[in-house]
Amino acid sequence: LRDLDANRLQVLRRPDVAFAVKGTSFRLAGLLGDIESAKGFDGGIAALFRLAPGDCHRLYFPCDGRTCAHRRVSGAYYSVTPFPGNDRPFYSLNQRTVSLFESERFGTLGFVDVGGFLISSIRFVHGAGAAVKKGGERSRFEFGGSTLVLLCRRGVAVFRDDLRAASARGEETPVRIGEIVARRQGGPAWP
């Protein structure tokens with residue numbers, strides 16, 4: 001998987017339990033807006049890609065695949081800055097859009113676009129059922145700081161050691177467009 005146009009990444013294992021992220025916490029069912037959607041990702045990985053106002057707010061597909069329907073979850077527009085003082089559980093309170101993505105390489109991936117303070121909307125480039133290529137534009141946030149949560153099912157992806165170690169310390173890691181952040185479990189070694 002290549003990064004999805006974010007500058008800050010944090011990798012969380014076992015999204016079926018409550019996650020503590022920089023003073024706030026959330027559960028997968030709360031993030032997705034329902035329990036049934038969460039079941040498929042029990043024991044998997046959640047990768048949080050956080051954008052700041054100075055970042056490009058276009059998101060790209062990490063691999064070839066097919067888009068599925070988008071489902072909007074109503075909510076507020078609290079700041080998504082995960083620093084002391086912002087203790088609202090914005091991952092499960094903010095407006096967000098949940099969508100699944102079918103890929104041959106990674107199976108079903110979940111995307112959760114989380115709106116934040118100063119966001120007016122989340123725009124998708126393709127409707128459900130569109131065949132897309134890796135690196136193709138997926139969606140965009142309209143101004144402000146925002147977050148994308150990428151969900152991987154159990155046993156599908158392995159994130160880089162440095163990303164997992166920094167995340168275990170509660171740190172975000174800067175990443176760039178095109179940078180490899182994960183690979184298919186059992187796939188080729190890191191380049």
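Accessible area here is what the Shrake-Rupley method gives with a 1.4 Å probe. With that in hand, I opened this predicted model and noted that the protein's accessible surface comes to about 8700 Å². I also saw that carbon and sulfur atoms hold 52% of that surface.

Next, the overall make-up. The protein runs to 191 residues, and 47% of them are buried. Then I checked the contacts between residues at least 6 apart in sequence: 74% of those join residues at least 24 apart.

Then I went to strand S6. Which strands does S6 pair with here? I found S6 (residues 65-73) joined to S10 (residues 131-132) by 2 bridges, with the two running antiparallel. I found S7 (residues 96-103) paired with S6 too, again in the antiparallel sense, over 6 bridges.

I picked Arg66 to follow across these pairings. In S10, the residue opposite Arg66 is Ala131. In S7, Arg66 has Glu102 opposite. A reminder to myself while looking at side chains: in a regular strand they alternate between the two faces of the sheet.

Last, the cysteines. How many disulfides does a search of the whole structure find? I got 0. I looked at Cys63 in particular, and the nearest cysteine sulfur belongs to Cys152, 9.2 Å away. A disulfide needs the two sulfur atoms within 2.5 Å, so that distance rules this pair out. Is Cys63 buried or exposed? I noted it as buried, because its relative accessibility is 4% and the cut-off for buried is under 20%.

Key:
Residues numbered from 1 in each chain as written. Predicted model: local features only at pLDDT ≥ 70, side-chain atom pairs only at ≥ 80, totals over all residues. Heavy atoms only, no water. Buried < 20%, exposed > 50% of the residue type's maximum accessible area, 1.4 Å probe, protein only. Contact = heavy atoms within 4.5 Å. Pairing = 2+ DSSP bridges. Helix = DSSP H or I, 4+ residues; strand = E, 2+ residues; numbered from the N terminus.
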